[in-house]
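Work through the exercises below with the sequence and the structure at hand. Try each task before reading its solution.

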Amino acid sequence: VRPDVLVGHSVGEIAAAHVAGVLSLDDACRLVSARADLMQALPPGGGMVAVEASEDEVLPHLTDGVSIAAVNGPRSVVVSGEAGAVDAVVAHFADRRTSRLAVSHAFHSPLMEQMLDGFAVVVRGLEFREPSIPMLSPVAEPGYWVRHVRDAVRFADQVAQLGERGTTKFLEIGPGGVLTALTRTCLPDTDVLAVPTLRADRPEETTALTALGELFAHGVEVDWTAFLQGGQRVDLPTYPFQRQRYWLERAAGSTADTDAAGWRYRVDWKPLGVLPEGRLTGTWLLVVPESEDLTEPIAAVLRRAGADVVRWRFTDAPLPAGDYSGVLSLLAFGDDPAPATLALVQAVLAAGVEVPLWCVTRDAVTEPVQGMVWGLGRTVALE
């Protein structure tokens, strides 16, 4: 995906400047390394706190030892500086959400000023070129990078500028989706597509491919040949476009219409509504995996509905004998849900228990492993 414009958040702007062609890879690495070394050489101390407040609300409470390090959204700023001064500012917002950042130093604050002269020497030794991809900051000016260490990150302002220019699609390159969420808050009245390439709680390959797919589905050009190296284009099958219908044609208002409708296969979703109490009777066998924290709550629901509950932790042992009115399986919440459910079906058949078998699943619409239990259930029902 080739961007039309680049924006970087704090040190991420160095990466953006390299992508834009302002800095070579070697010079970008030197800039990052020198920045980090000089910052780590500073005396320890200071703090940074994210505050749910606007910049105008925070400004009156700043003192010489603390400043705004970042303006991330209309009501999201970060204050940075001497620990006591930061705490004094945060105290004015005791009724708001705040979050103390886990950092070694107070970045983008007055405590950075001691390193600026040394950093300026490093910056003067680098080569800066005009960007080949537009950026909103004056990244080709060496002095900008010295000020960049001390000044506030004005992410919200840059996103707002992009919104004013008509930008509606944003792709976050980074280890998470923090900027994606912030982008949406910066443009609340705009139909914005903001997509992260990585998420901390999801597989990298899946998230990256999902991001490309979502961009492509919204009209962004994606070079699939570059992404799927070694792949080749193939012609689509022709049959969807031959105007031959697979389903039977419906003759409205005729007997054939009713018959044809009955032959079609459907899955209908209907709201369950509020269940009346006391619908169940007799003894129900509750089949549970090795560990499942929902066992007791579900057993309580069965009892409340009028059933006597016998719990059976599913093993290779024979199914416990009894005169059951129904069997409720929670095996979809354990290991290998589909094989375990198949084994349960076989055990029920072997025991000659001729009562309904219900299999509870969770997120089976989107989780393939849970969906396999659905597929198995339909097959068993047909057989």
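The exercises that follow concern a predicted model.

**Exercise 1.** Find the order of the strands in the open sheet of four strands, and explain which strands stand at the edges.

Solution.
- Step 1: The order is β8-β7-β9-β10, and the pairing is parallel.
- Step 2: β8 (308-313) and β10 (357-359) each have a single partner strand, so one side of each is left without a neighbour in the sheet. These two strands are therefore the edges.
- Step 3: On average, neighbouring strands of the sheet are turned by 25 degrees against each other, direction ignored.

**Exercise 2.** Describe how β7 and β9 pair, and name the bridge partner of Val287 in β9.

Solution.
- Step 1: β7 covers residues 283-288 and β9 covers residues 324-329; five bridges join them in the parallel sense.
- Step 2: Val287 has Ser329 as its bridge partner in β9.

**Exercise 3.** Locate Asp95 and decide whether Asp95 is buried or exposed.

Solution.
- Step 1: Asp95 lies in the loop between α4 (83-91) and β4 (98-100).
- Step 2: Its relative accessibility is 65%. Exposed means over 50%, so Asp95 counts as exposed.
- Step 3: Asp95 and Glu52 are 43 residues apart along the chain, and their C-alpha atoms are separated by 9.5 Å.

**Exercise 4.** Examine the largest nonpolar core and the contacts of Val58.

Solution.
- Step 1: The largest nonpolar core has 58 residues, and Val58 is one of those touching the most other members.
- Step 2: Strand β2 (residues 66-73) gives the largest share of this core, five residues.
- Step 3: Leaving out residues up to four places away in sequence, Val58 touches Ala53, Ile68, Val77, Val79, Val89 and Phe93.
- Step 4: A second, separate core has twelve residues, including Leu285, Val287, Val327 and Val353.

Definitions and conventions
Residues numbered from 1 in each chain as written. Predicted model: local features only at pLDDT ≥ 70, side-chain atom pairs only at ≥ 80, totals over all residues. Heavy atoms only, no water. Pairing = 2+ DSSP bridges. Axes fitted to C-alpha atoms, helices over the stretch in contact; angles between N-to-C directions. Buried < 20%, exposed > 50% of the residue type's maximum accessible area, 1.4 Å probe, protein only. Core = buried A, V, L, I, M, F, W, Y, C linked by side-chain atoms within 4.5 Å. Contact = heavy atoms within 4.5 Å.
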